[in-house]
Amino acid sequence: MCGIVGYIGTQQAAPLLLEGLTRLEHRGYDSAGVAVVGGSGVKLAKKAGRVRDLSEGLPKRFGGKIGIGHTRWATHGPANDVNAHPHTDEAGQVAVVHNGIIDNASALRAELADAGVTLASDTDTEVLAHLIGASSANTLEKRVAEALARVEGTYGIAVVHADFADRIVVARNGSPLIVGVGDHEMYVASDLAAVVRYTTTVAHLDDGEMATVTASGFTTYRIESTGLAATDRRANKVDIDPAAYDAGDHESFMHKELLEQPARAEAVLRGRLDERFGTGHLGGLNLDARELRAIRRVKILGCGSAYYVGQMGASLIEELARIPADAEAASEFRYRNPIIEPDTLYIAVSQSGETIDTLLAVQEVHRKGGRCIGLVNVVGSAIAREVDGGIYLHSGPEVAVASTKALTNMYLAFAMLAVQLGRVRDLSISDGKRLIAGLTAIPGQIEEVLATEPQLAVVAKQLAQAESLFFIGRVRGFPVAREGAQKFKEITYRHAEAYQTSELKHGPLALISTEVPTVAIVPDDELVERNVAALHEIAARGGPLTVITHASVDLGDLAGKVERIDVPRNERELDPILLTIPLQVLSYHAALTLGHDIDKPRNLAKSVTVE
Ligand code: F6R
């Protein structure tokens, strides 16, 4: 949430900062700003709206070879020009960009106001600019450290100062920051996406670390109560293709990421399927067979779509390994003083590896002596570093705010884990082999589902007309419905409610009418007859139906009266992911019909790094 970029070197900073901000815009896109240090001190330009609004309004004389920039997702104060970052002290000597939340901002604002400081914005960040500006320490690093010592909360910051015009100082506590090494030029950023076109040699700062970045290199320190202690952080080459951050010929990143799913699914499965013994081969768990055998319960923690796929994962683990398992919203978990049991395996699920609620949930587990593994996409992210082991998702960078390919790989990672947990218990080798064969078939079957995009686009156009929809499913199909509703509301802004099919007649059936369509998940499983009966109940009340099902399901006299989308059959236990993919495509085309900015839905941002 929010993006930071900085440049120092031989080129004009502003164009590079604006390019970097464009690449970071998915992280926050309600306002943006840049500050450069040139001959006449710190120059500032900031604007509500998108980065393109900022660049169109940028003064011609905005020269300077050192600068910082920010794209914002508002927390304190509305999205307007004044609240946009960078923030400065009263003299305009210091400029600060900040990701995260300063928890004691109100107290610090009051203290500054009492001291006669005029606060220009409503933000928490501005206090940092004033505190740094007020310090008389002999280095910028010490001034920043003094200010940070007053602050409670999370931050990734970048600071420039007119009196120290040869450096950018950055610091991190709970919000990611990297330093990128170029040729006689250096970059700072909150995300690799901002700098990957210029350098793939980067250093990731740790929490509690600060760096001085000059045109020729960087030095790092640990911020300690006694002062700054040098650390020896080095930059390493990251193995990433810069093209992974481009939408290419696709009209949106979401479309590109939808179509990447077969290849990315292969990537998460590669080398992890043991066909001979019918099991998963997940070395990164750091758990041997005896430890896997000792697990009595599984608790999955994630937010949003990661929580819903966690529900799919819990049902896989219960079904295949017969271990009691459930998923809980990580954002709620630590607030109820959870009981952490030594023989429970906790699993944190996160694409970004940065979601603060999930990170804090992992820390709560650890604080109470529990063991937590991670299903994480971003290598080296905060959650990946915090957990005791886990499974990297190998989805490649996911830029669209709505998660698709990462979610699919989360599901596949859960499936491999469930088979492995099952095989150290009572899951037979033949069942294990059956499931491994099923998993091997999934990338090709995803391809088949994606081939139905033209049909899905037609159905989506109709669904887009409704103000309100139901997504329904049962047992394995219910988390699918929840994820379907989530994706639909996220990018179409229509009201979409997920319900257990079985619960419909206990209340919400009252809402069914010709105006309220239902998208029903009806796999050919043990519940198919009951599910079809529920479809009749909806149809009898005039409710339009879209049915995501298998070709073998007989819809009786509903055939021809409903929109039917068949997905390929796999093993029953693995059905949910193939039933989920059409829902992603439906949401995408409904949002396209409505003319929305699909990659950057209103009010949202990729990576929720604030509570
Ligand atoms: C929905 C979506 C969000 C994320 C959630 C968790 O499409 O993208 O609901 O799933 O914010 O994010 P991660 O997985 O990064 O922890």
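Mentor: P86 is placed in the loop that runs between β4 (66–72) and β5 (87–88); strands here are DSSP runs of E of at least two residues, helices runs of H or I of at least four, numbered from the N terminus. The peptide bond leading from H85 into P86 is cis, its omega being near 0°. This is a predicted model, with pLDDT of at least 70 required for local features and 80 or more for side-chain atom pairs, while totals for chains, interfaces and linings use all residues. Numbering starts from 1 along each chain as its sequence is written, and side-chain values use heavy atoms, without hydrogens or water.

V475 belongs to the loop between β23 (468–473) and α16.

With three residues, α16 contributes the most to the shell. The ligand lies between domain 2 (247–445) and domain 3 (452–601), because both give residues to its shell; the bounds come from an automatic or database assignment.

There are 15 residues around the ligand (a heavy atom within 4 Å). Those that come nearest are S350, Q351, S352, T355 and E490.

Among the polar contacts (N or O pairs within 3.5 Å), one places a polar side-chain atom of E490 2.7 Å from a ligand oxygen. The side chain of Q486 has an N or O atom 3.0 Å from an oxygen of the ligand. S403 uses its backbone instead, with a polar atom there 2.9 Å from a ligand oxygen. On its own the ligand has 410 Å² of accessible area, of which the protein covers 88% (Shrake-Rupley, 1.4 Å probe).

Technical notes. A polar contact is a pair of N or O atoms within 3.5 Å; within protein, one must be able to donate a hydrogen and the other to accept it, and residues adjacent in sequence count only if both atoms are side-chain atoms.
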